[in-house]
Structure formats: C-alpha cells, structure tokens
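Here is a brief report on selected strands, helices and aromatic rings. Please read it alongside the structure shown below.

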Amino acid sequence: MTIHGDYFSALRRSGKTSERVMSDQLKGCIETFSQKKWITPAGILSSIWVPVRDLDVHEEVQVQIDEIAGVFTYKSPGVRNRTLTRPLSDIAVYSFNPDVWFDALVDLFEIEPSKTESQRQLIENHLWHLGDLRIGNTNHQAPLYLAMRLEHCTADWKRALEDRRRDPRGIVLVDKFDDNMVVANGHQVCWIESLLKQNHSHVSVRRDMLDRMLGFDGTPQATDSVWFNESTGELKLPHMEKSKSFKGKQLAVIRAFWRVRSEKFPALKWEDVIERTGCGKDPGSTFGYDKWSIYLENVDPGAGMYELRNKS
C-alpha cells in the first residue's frame, strides 16, 4: 500500500479533496486509509443507478437496507419481479480528511514543525503549501507545494507561485507530470511518484534526488545558495559570490541546462542547445570567450557535451 499513487487516483476521481467518495473508488484501500484516518465513514446511499438491459441506459432505484445482514436489496428495473442483493459495503460513502494526509506528507518529507504552513490552501482543491524543506544539512530552506488538477486553474496557480511575497526556488509536487509545464519564481515541478520509494510497507523520500533538485550535492561548496529564477533570469551557482541575471539567448541556454541538472546525466550536446535556443555556435560566442566557463563546464570535449558548473 502506498501513500501516494492510490490516494492521488482516488482524489482525482472524487473531484475535490473534501468531497464524499464511494467505496469502489478507493480500490481496496478502505482499511488502510481508515486506520490512518485519511478517510472517515459518511453514511450509505439510499438509491443507486443501475443499467437497464442496454448497458448504456441507467435508471435510479431505491434500495432497501438490512444492517444486521450487512446487505442491501433493490428491484431490477429491467426484469420484472427480480430482486438483487449486494453487500452493504458497496454503497458505503466516505469523506476524505485531506489535512490528515497532508500531515503525513509533512512527516514524510521531514519538514520541521516550525517550518510547517498553518494556512495551507492557496487555491481551493488545487494548490497547497505544506511548509519549507531544509536543503541538505544547510540552514537554507525551500518551500514545498502540493498541486492537483492544475489544468483546471492554469492562470490562478501560476499567479500564486509568482507572488513575490513567497520564497522562490521551491518544489511543486504534482499528481501527473507535463514536460511542457513551466513554473516561474525558480520553482521546479516534480511528479510525486518519482520522489517516493517503497520497501514493503515503508514509504520514504528519495533524498538524493530531492537534494539534487534543491541544489545540494553533499560537498562543502553546496552549502551556499544555489538557484535559478526562470522569470527574472537570476542564477546562483555554488562557486559564485553573487548571482548573475541573464536575458535573451543567454537566459534560454541557462534555462535549458537548469531543467536537466537533476537528471542522472545532466549534460547537453551543444548542437542540441543550438536547436532548442537558437544561441551561438559555442558557449564562448554566447556568453563571452572569457566568461562562459563561469557558468558551464565541458564534461566531454570530444562529444561537445556541457553542463552547468557545480564545483568551484
């Protein structure tokens, strides 16, 4: 049983985190979710929709409940004098307790109590701020957000994350990933499934992946702030005393390298960079022949492979 996939699926089908949901939508997770108090019983249905001969046609029928026997019955609308009996659990209804589940995520990501967010909800049923993560073993913090069904509130959620009153360079956990999704204010989007791993019944966070996303690689140099703000073009790498802002083709190049920096092989072939950004023929013609190595590193000269510089 996972803390992530099944519950996210149930939440998406339910439409809203606060909405009641049928037992069959929980896919056999009722016992586990009830123990964790992620859901609570909310009654049983008094009527159901059933097919009438042609499976494309449904009719609402009243049910008769026998709580002692644990069953309900209803008369078939398609067959005269036919009464059907089903387990009462089939029409049980539950309510989600999203705050309890959010608390579980806060514990899972080891967000310190003083860094949790009391006013979590930013956009009803779509975007929540869980709190601030500690970056590696440094004193730096990064906000952690949870997002669902963002396709239904595109303008609102981008506006919320672009708010300058909010800390930049956070992570947005999403229930499904879109390669074309761009988040301003230096935030990164991450499919929650990719950040969690499971060993039998134990779920944990892939700390190495999380640290890479937050710019921490375990070296002393990485205790300095590392970030890139896609809106302003501001970049800060471990060895840089102060940040540098880019625009135009330089910004496009930095953005391309930043987006792959947390991958297993965070390098790009310069030919591909040219195709993506329309930049100069080499890093020197793009950033200046005496400056490009401040930001990029040639990791495979023979193949023309570069990546963002991450060491002094």
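Two strands pair if DSSP finds at least two bridges between them. Helices (H or I, at least four residues) and strands (E, at least two) are DSSP runs, numbered from the N terminus.

## Basis of the report

This is a predicted model, in which local features need pLDDT of at least 70, side-chain atom pairs count only at pLDDT 80 or more, and totals for chains, interfaces and linings use all residues. Residues are numbered from 1 along each chain as its sequence is written, and side-chain values use heavy atoms, with hydrogens and water left out.

Glutamine 64 stands opposite threonine 73 in strand 6. Strand 5 and strand 6 (residues 71–75) are antiparallel and share 3 bridges.

These strands belong to an open sheet of 3 strands, ordered 5-6-7, with antiparallel pairing. Strand 5 (64–66) and strand 7 (83–87) are the edges; each has a single partner strand, so one side of each lacks a neighbour in the sheet. From one strand to the next, the twist averages 25°.

Strand 20 (residues 296–300) pairs with strand 21 (residues 305–308) in the antiparallel sense, over 4 bridges. Leucine 296 has leucine 308 of strand 21 as its bridge partner.

## Helix 7 against helix 8

Helix 7 (residues 248–258) packs on helix 8 (residues 270–277) at an angle of about 125°, and their axes are 10 Å apart. Axes are lines fitted to C-alpha atoms, for helices over the stretch in contact, and angles run from 0 to 180 degrees between N-to-C directions.

Helix 7 contributes Lys249, Ala252, Val253, Ala256 and Phe257 to the contact (heavy atoms within 4.5 Å); helix 8 contributes Trp270, Val273 and Thr277. By class, the contact residues are 6 nonpolar, 1 polar and 1 charged.

## Aromatic pairs

The whole structure holds 12 aromatic pairs. Rings of Phe, Tyr and Trp (its six-membered ring) pair if their centres lie within 6.5 Å; planes under 30 degrees apart count as stacked, over 60 as edge-to-face and the rest as tilted.

One of the pairs joins phenylalanine 228 and tryptophan 258. It is tilted, at 5.8 Å centre to centre with 50° between the planes. The pair links distant parts of the chain: phenylalanine 228 lies in strand 16 (residues 227–229) and tryptophan 258 in helix 7, 30 residues apart.

Note on methods:
Ala, Val, Leu, Ile, Met, Phe, Trp, Tyr, Cys and Pro count as nonpolar, Asp, Glu, Lys and Arg as charged, and the others, Gly among them, as polar.
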